[in-house]
Amino acid sequence: MDNNLLQCNPSAVEQLNAFLTNESNPLTKAFFEVVNKYGSAEEINAKAAEARNVENIKRRLKEMDSPYLQDLVWLEEQRDAGAFVSMMEYTERVLGPGATPVPDNANAVTLEISVVNFFPWLIHEAREAIKDRSIMPGRYIRVRNMKESEADSGDLLAIAAAMQIIGASYVETLDTKGTDGSNVHLGGPDTIAGYFGGMGMPNDYPLQWLDEYLYYYTNYGVRQALNVSPGQLMVGYWLNKIGVENEFKVSVFYAGHDSAFGALYTFMMAKLMEREDGRIPLIGLNLSNSVNAETIRQIAAVRDSFGLKDKVRIEHHVTETYKSIVRQPFLRRDELLEVAQTVANIAAKHEGGEPDIEKQRSHPSDCLEYFSTAEDLRRTGDMSLLLQNYMDKHHSVNLTADALTKAGIGFVAASRLHV
């Protein structure tokens, strides 16, 4: 068969542009009605930059008498004092005296941990990292309820400042998502099968998500958000097209990619909606836990063929929570090492601890607890248990860092802590 048969219709882009630029288009009209509440793209970006400024955040925390302010000051002091393990010290411990750090090249793997739902967990992790000379990740995932985080003594602000202080990226999960009652016919576990056919964001929920995103972007500087449905993705692309500096990662929890064909679908839309300056808002693609090494390489090849190698990080699970998500044991570190030899810009996502450690815990990590509120955890006394689960993930991150180093592959950690 002739590959030319697969060419796209040349007139399709013209038809799409005609649809998008039609001022009577009800979809774009509704989109701009939400955006205009926050100002022009330039005004929106300026508000976000001001909200993201660390000194402004510290001022706001001081005004609300937040206990987290002193933790941020401590974190800055420890960073400036060089209290965290240096890359030279770390490398010599792993490879022996005289060894030099692996160069930070295109194939360096981003160390990722999920989820850091509570700011005190990050501070606890930092204290332990100083004590045991371990590596802090270069990327953090959050799924805590945004309104709860906002009301929790400045937790949302503290996280935003801490990520800048340590030199790491992070992503928030907004409250407008498929499990927030958007589908009125679905409830708890007794209707779980219904989520397979349309959890998403029905009706006007993409617009609600847009409104929520712009609120947290302009008031807290939150730039990266998990995206969970095609409607969300579309309004996210539109935001970028009009000049807003938004970013999103496609979440595996709702929209995982398990083949190169599926990834192609996403990359096609990203390229189609690329800005004239080449910017796209898609910065991460979270792959399904079912992908194998060859599929990862194929997905990377598709990404690279569209010129998106440096723009879209491929995120692969090394570990998963011990309960409620996959059959155990789940440990993909060896596969990561194999893929990272040739695939650039990938992340090693640690969603759980080492399976042989998790199985011995009286309370192993559980995906269903990701959305637990701080009030619930304090009432049940489970906060310390989930903190232990989180530190098990930190341990797994460091095992991956060790393995990458021994294989001669670089990694991306918290860049302002480990120099």
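This note sets out points on helices, single residues, a cavity and backbone geometry in a predicted model.

1. Basis of the note. The model is predicted, and local features need pLDDT of at least 70, side-chain atom pairs count only at pLDDT 80 or more, and totals for chains, interfaces and linings use all residues. Residues are numbered from 1 along each chain as its sequence is written, and side-chain values use heavy atoms, with hydrogens and water left out.

2. Length of helix α3. Helices here are DSSP runs of H or I with at least four residues, strands are runs of E with at least two, and both are numbered from the N terminus. Helix α3 takes in the twelve residues 41–52, and at 1.5 Å a residue it should span 16 Å. The expected span is 1.5 Å times one less than the number of residues. The end C-alpha atoms of α3 are 16 Å apart, which agrees with that expectation.

3. Faces of helix α3. A residue is called buried under 20% relative accessible area, exposed over 50%, and partly exposed in between, with a 1.4 Å probe and protein chains only. In α3 the buried residues are A41, I44, N45, A48, A51 and R52. They cover an arc of only 125 degrees around the axis, so they sit on the same side of α3; the arc is taken from the directions from the helix axis to the C-beta atoms. An α-helix has 3.6 residues a turn, so residues three or four places apart point the same way. E42 and E50, on the other side of α3, are exposed. The cover over the buried residues of α3 includes α2 (26–35), α4 (54–63), α9 (155–166) and α10 (205–220), where contact means heavy atoms within 4.5 Å.

4. Helix α7. The 14 residues of α7 should span 20 Å at 1.5 Å a residue, and the distance of 20 Å between its end C-alpha atoms agrees. Its buried residues are F119, W121, L122, I123, E125, A126, A129 and I130. These pack against α5, β1, β2 (139–141), α9 and α18. Just after α7, R133 has a positive phi of about 60 degrees.

5. M87. Not counting residues up to four places away in sequence, M87 touches P101, I135, F411, H418 and V419.

6. The cavity. On a 1 Å grid over the protein atoms alone, a cavity is a set of points where a 1.4 Å probe fits but cannot get out, and lining residues have an atom within 4 Å of a point. Grid points are joined across faces, edges and corners, and a volume is the space filled by probe spheres set on the points. This rule gives one cavity of 30 Å³ or more. The largest cavity has a volume of about 100 Å³. Its lining consists of V115, N117, W121, S365, D366, E369, Y370, L386, N389, Y390 and K393. Helix α18 (residues 383–406) provides the largest share of that lining, four residues.

7. T400. T400 also lies in helix α18. With a relative accessible area of 0%, T400 is buried. Leaving out residues up to four places away in sequence, T400 touches L111, V318, R333, L336, A348 and H350.

8. S372. Is S372 buried or exposed? At 18% relative accessibility, S372 counts as buried. S372 is located in the loop between α16 (355–358) and α17 (374–380). A polar atom of the S372 side chain lies 3.0 Å from the backbone oxygen of E369. Apart from neighbours within four places in sequence, S372 is in contact with F118 and L377.

9. Cis peptide bonds. S114 and V115 are joined by a cis peptide bond, with omega about 5 degrees. V115 lies in the loop between β1 (109–114) and α7 (119–132), and V115 is among the residues that line the largest cavity. Another cis peptide bond joins Q328 and P329, with omega about 5 degrees. P329 is in the loop between β7 (313–319) and α15 (333–340).

10. Positive phi values. D65, although not a glycine, has a positive phi of about 55 degrees. D65 is in the loop between α4 and α5 (68–80) and is exposed, with a relative accessible area of 67%. S324 has a positive phi near 75 degrees and is likewise not a glycine. S324 lies in the loop between β7 and α15 and counts as partly exposed at 42% relative accessibility.

Definitions and conventions
A polar contact is a pair of N or O atoms within 3.5 Å; within protein, one must be able to donate a hydrogen and the other to accept it, and residues adjacent in sequence count only if both atoms are side-chain atoms. On a 1 Å grid over the protein atoms alone, a cavity is a set of points where a 1.4 Å probe fits but cannot get out, and a pocket is an open set with protein on both sides within 12 Å along at least five of seven lines; lining residues have an atom within 4 Å of a point.
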